[in-house]
Amino acid sequence: MYQEYMQMVPLPTRKSSMIPCNSWMGLAASMKELYGQPLHYLTNLSMKQWDCLRIGANDEDVPLDTLIDPAKAEANIWLIEEMHRNTTSPFFIARLWHGDPMYHVYIDAIFPELKDPSK
């Protein structure tokens with residue numbers, strides 16, 4: 001059901017903001033608030049992993065928006081989001097959730113109003 005729902009949520013058509021951010025997870029949180037959109041479970045996991053990649057790097061404490069153009073960083077997240085929404089197998093997600101009792105932490109509690117597909 002989760003994957004089917006995420007496929008019904010349309011991606012924002014206007015994506016041209018310059019969101020200041022210190023981290024990937026911070027950028028994702030700002031995007032969710034700005035666009036009123038949930039991000040896919042796998043996109044949220046990716047943001048956490050990308051932040052973990054910076055731990056121990058020389059520029060670990062440098063804000064992300066000084067290392068990567070904020071518009072490019074946001075566009076990258078939307079591309080990953082589109083891939084996760086449109087190509088992920090629900091069986092793959094089920095296997096991941098079965099092995100992670102805390103999976104719900106990475107599911108956003110944002111529920112945009114969906115257009116009736118029958119209209």
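Reader: In this predicted model, is Lys32 buried or exposed, and what is its relative accessible area?
Author: Lys32 belongs to helix α2, where it is listed among the buried residues together with Trp24, Leu27, Ala28, Met31 and Tyr35. The cut-off for a buried residue is a relative accessible area under 20%. Lys32 is therefore buried, its relative accessible area being 15%.

Reader: Which residue forms a salt bridge with Lys32?
Author: A search of the whole structure finds two salt bridges. The one that involves Lys32 has its closest N and O atoms 2.9 Å apart, and because one partner lies in helix α2 and the other in the segment after α6, the pair ties together parts that are 76 residues apart in sequence. The partner counts as buried at 12% relative accessibility, and this partner of Lys32 is Asp108.

Reader: Within what arc do the buried residues of α2 fall, seen down the axis of the helix?
Author: The buried residues of α2 are Trp24, Leu27, Ala28, Met31, Lys32 and Tyr35. Seen down the axis of α2, these buried residues line one face of the helix, because they fall within an arc of 140 degrees.

Reader: Which helices are included in what covers the buried residues of α2?
Author: Residues 24–35 make up α2, a helix of twelve residues that reaches 16 Å from its first C-alpha to its last, close to the 16 Å expected at 1.5 Å a residue. What covers its buried residues includes three helices, α3 (41–53), α4 (64–67) and α5.

Reader: Which residue caps the N-terminal end of α2?
Author: At the other end, α2 is followed by Gly36, whose phi is positive, near 60 degrees. At the N-terminal end, a side-chain oxygen of the capping residue lies 2.9 Å from the backbone nitrogen of Gly26, and the residue that provides this cap is Ser23.

Reader: What is the angle between the planes of Tyr35 and Trp78?
Author: The structure holds five aromatic pairs. One of them is formed by Tyr35 and Trp78, with the ring centres 5.5 Å apart; the pair links distant parts of the chain, since Tyr35 is in helix α2 and Trp78 in helix α5, 43 residues apart. Both Tyr35 and Trp78 are buried. The pair is edge-to-face, the angle between the planes being 80 degrees.

Reader: Why is the pair of Tyr41 and Trp97 edge-to-face?
Author: The pair links helix α3, which holds Tyr41, with helix α6 (residues 90–99), which holds Trp97, across 56 residues. Tyr41 counts as buried at 2% relative accessibility, and Trp97 is buried as well, with a relative accessible area of 19%. Planes over 60 degrees apart count as edge-to-face. The ring centres of Tyr41 and Trp97 are 5.6 Å apart, and the pair is edge-to-face because its planes stand at 90 degrees.

Reader: How many residues apart in helix α5 are Glu81 and Arg85?
Author: The side chains of Glu81 and Arg85 meet in a salt bridge, at 2.5 Å from N to O. Glu81 is buried with a relative accessible area of 0%, and Arg85 is buried with a relative accessible area of 2%. They are separated by about one helical turn, because their distance along helix α5 is four residues.

Reader: The backbone oxygens of which residues lie 2.7 Å and 2.9 Å from a polar atom of the side chain of Arg85?
Author: Arg85, in helix α5 (residues 70–87), touches several residues beyond four places away in sequence, among them Gln3, Met6, Leu11 and His40. At 2.7 Å from a polar atom of its side chain lies the backbone oxygen of Val9, and at 2.9 Å lies that of Pro38.

Reader: The backbone oxygen of which residue lies 2.8 Å from a polar atom of the side chain of Thr88?
Author: Thr88 is placed in the loop between α5 and α6 and counts as buried at 10% relative accessibility. Leaving aside neighbours within four places in sequence, Thr88 is in contact with Gln3, His40, Leu42, Met83 and Ile93. The backbone oxygen that lies 2.8 Å from a polar atom of the Thr88 side chain belongs to His84.

Note on methods. Residues numbered from 1 in each chain as written. Predicted model: local features only at pLDDT ≥ 70, side-chain atom pairs only at ≥ 80, totals over all residues. Heavy atoms only, no water. Helix = DSSP H or I, 4+ residues; strand = E, 2+ residues; numbered from the N terminus. Polar contact = N/O pair within 3.5 Å; in protein donor to acceptor, adjacent residues only side chain to side chain. Contact = heavy atoms within 4.5 Å. Expected span 1.5 Å × (residues − 1). Buried < 20%, exposed > 50% of the residue type's maximum accessible area, 1.4 Å probe, protein only. Arc of directions from axis to C-beta. Phe/Tyr/Trp six-rings, centres within 6.5 Å; stacked < 30°, edge-to-face > 60°. Salt bridge = Lys/Arg side-chain N within 4 Å of Asp/Glu carboxyl O.
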